[in-house]
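Here is a brief report on one protein model. It covers helix packing, domains and a few backbone details.

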Amino acid sequence: MDQNYDVAVAGAGILGLAHAYHLAKRGRRVAVFERSAKACGASIRNFGMIWPIGQPPGAMHRMAMRSREIWLEVLQESGIWHERVGSLHLAYREDEAQVLSEFAQQAPSNGYDCALWSPAQVAHCAPMVRQSGLLTALWSPTEVCVDPRQAIAELPCWLNRRYSVEFHFGCAVTGYDAPHLQAGGRKWRVPHLYVCAGDDTQTLFPEVLQNAGMVRCKLQMLRSQPYPDRRLGPMLAAGLTLRHYRSFEVCPSLPALRRRVADEMPEYDRYGIHVMASQHGSGELTLGDSHEYEEEITPFDNPAIDALILDYLQTFLEAPDLQIASRWHGIYAKHPTHPFCVFRPTSNATLVTGVGGAGMTLSFGLAEQVVHENLL
Ligand SMILES: Cc1cc2nc3c(=O)[nH]c(=O)nc-3n(C[C@H](O)[C@H](O)[C@H](O)COP(=O)(O)OP(=O)(O)OC[C@H]3O[C@@H](n4cnc5c(N)ncnc54)[C@H](O)[C@@H]3O)c2cc1C
């Protein structure tokens with residue numbers, strides 16, 4: 001029997017790291033077990049957008065804002081690169097401008113801090129945005145950009161230095177019969193296990209995770225060459241994104257916009273494409289994405305999807321000589337109706353998954369809530 005810990009976490013993606021942080025902050029002796037040599041799941045494959053503006057009003061938006069607050073504490077203390085750039089949703093069509101106007105009208109009572117900007121205001125803060133045809137934009141100051149590849153690689157070192165969290169990479173958790181944990185062919189004595197295994201529903205508590213009704217979703221992404229001398233400013237989204245995030249469902253004219261997109265751009269609906277852009281410290285643009293579910297998922301990326309993403313990108317971004325430096329896809333698990341899933345199959349095990357496309361945004365807030373409930 002190997003070393004003892006108070007708590008083990010399976011998975012060093014953002015959910016595993018966020019749970020390790022809150023547990024260690026509360027004085028628990030924590031070990032994180034990650035099956036790969038480095039985390040390489042959804043948490044390193046995303047835009048790095050901490051994006052409260054996408055969460056629906058009420059509890060989820062409050063969780064996102066709390067999560068953002070904790071993210072900022074962690075990022076400042078650890079010195080990990082981040083920028084509080086905010087976000088812009090750009091409108092080039094009347095129906096998009098109408099949705100943004102409806103959203104902005106309700107924003108104060110729904111708890112969002114945002115404003116409609118004129119094209120001139122956009123030009124001042126976001127010089128790479130295409131001005132031709134721009135009608136208006138929704139500015140929100142709350143979004144924060146991290147480089148996911150860097151943040152997920154550096155957070156374990158910081159958690160170890162600051163809170164003595166121990167990491168075992170290349171060490172899959174293969175079984176747990178409390179307090180006996182099996183990982184990497186060894187046994188450990190650990191009274192509680194948190195499973196933050198992303199889209200893996202096969203290894204730990206498969207009877208719970210496979211019956212939970214979650215679906216897997218594949219997203220295609222691209223990253224450009226660096227633009228060292230040009231800054232994007234706020235992270236960008238445009239009309240297609242208004243039909244993606246649940247926050248805009250409060251807008252009465254959203255169904256008409258959805259119908260227009262379905263009529264004019266059916267291939268964007270077919271692959272669930274909306275287009276966003278973020279820019280990291282070294283100047284690369286991260287671009288995406290598409291949404292393909294379950295049986296549609298293959299290991300092979302579809303170049304037609306990348307072409308659709310880049311075509312739409314050009315409608316709102318002027319990125320001269322854009323070259324694609326890398327292409328990849330990521331897979332996450334989501335629940336059709338719940339924004340996240342927490343299961344407690346025994347008093348010793350907590351499974352947290354199903355955060356879908358908002359795991360970076362919600363991570364620290366959700367983990368705080370789960371750990372608080374467990375330690376009550
Ligand atoms: C392309 C893409 C873009 C996205 N963009 C954004 C965004 O900009 N903002 C946002 O908020 N969200 C975004 N998301 C969603 C977000 O990335 C995910 O919700 C989040 O990363 C999920 O984190 P996780 O820790 O649950 O899973 P993962 O990051 O997949 O981590 C799970 C980890 O568990 C490990 N593991 C699994 N089983 C075991 C085991 N038995 N033992 C040990 N280790 C194990 C895996 O190796 C993996 O490292 C995006 C997702 C994708 C795919």
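At what angle do α1 and helix α10 pack, and how far apart are their axes? The angle is about 35°, and the axes lie 8 Å apart. All of this is read from a predicted model.

**Helix α1 and its partners**

Helix α10 spans residues 359-375. α1 passes α10 in a right-handed crossing. From α1, the contact takes Ile 14, Leu 15, Ala 18, His 19, His 22 and Leu 23. From α10 come Gly 359, Met 360, Ser 363, Phe 364, Ala 367, Glu 368, Val 370 and Val 371. By class, the contact of α1 with α10 holds nine nonpolar, four polar and one charged residue.

α1 (residues 14-25) also packs with helix α5 (residues 148-163). Their axes come within 11 Å and cross at roughly 15°. α1 and α5 are therefore roughly parallel to each other. The crossing of α1 past α5 is left-handed. On the α1 side stand Ile 14, Leu 17, Ala 20, Tyr 21, Ala 24 and Lys 25. They meet Ile 152, Leu 155, Pro 156, Leu 159 and Tyr 163 in α5. The contact of α1 with α5 has 10 nonpolar residues, no polar ones and one charged.

**Helices α3 and α7**

Asp 95, Glu 96 and Val 99 contribute from α3. Leu 254, Ala 256, Leu 257 and Arg 260 contribute from α7. The contact of α3 with α7 has four nonpolar, no polar and three charged residues.

| Helix pair | Axis distance | Crossing angle | Handedness |
|---|---|---|---|
| α1 and α10 | 8 Å | about 35° | right-handed |
| α1 and α5 | within 11 Å | roughly 15° | left-handed |

**Overall form and domains**

The protein chain has 10 helices and 22 strands. Its radius of gyration is 21 Å, close to the 21 Å that the globule rule gives for 376 residues, so the chain is as compact as a globular protein of that length. Along the principal axes, the C-alpha atoms fill a box of roughly 65 × 45 × 40 Å.

The chain is divided into two domains. Domain 1 takes 2-44 + 149-212 + 338-375, and domain 2 takes 87-141 + 215-334. Their C-alpha centres lie 31 Å apart. Eight residues from domain 1 and six residues from domain 2 form the contact. On the side of domain 1 that touches domain 2, one residue is nonpolar, six are polar and one is charged.

**Backbone details**

Which peptide bonds are cis? One joins Ala 178 and Pro 179, with omega about 0°. Pro 179 sits in the loop between β11 (173-177) and β12 (180-183). Another runs from Gly 288 to Asp 289, with omega near 5°. Asp 289 lies in the loop between β18 (285-288) and β19 (292-293).

Phe 205 has a positive phi, near 50°, in a residue other than glycine. Phe 205 is in the loop between β14 (192-195) and α6 (206-209).

Key: Residues are numbered from 1 along each chain as its sequence is written. This is a predicted model: local features need pLDDT of at least 70, side-chain atom pairs count only at pLDDT 80 or more; totals for chains, interfaces and linings use all residues. Two residues are in contact if their C-beta atoms, placed from the backbone, lie within 7 Å. Helices (H or I, at least four residues) and strands (E, at least two) are DSSP runs, numbered from the N terminus. Ala, Val, Leu, Ile, Met, Phe, Trp, Tyr, Cys and Pro count as nonpolar, Asp, Glu, Lys and Arg as charged, and the others, Gly among them, as polar. Domain bounds come from an automatic or database domain assignment. The radius of gyration is taken over C-alpha atoms; the globule rule is 2.2 Å times the number of residues to the power 0.38. Axes are lines fitted to C-alpha atoms, for helices over the stretch in contact, and angles run from 0 to 180 degrees between N-to-C directions. Angles under 35 degrees count as roughly parallel, over 145 as roughly antiparallel, 65 to 115 as roughly perpendicular and the rest as oblique. A crossing is left-handed if the near helix is turned anticlockwise from the far one by less than a right angle, and right-handed if clockwise.
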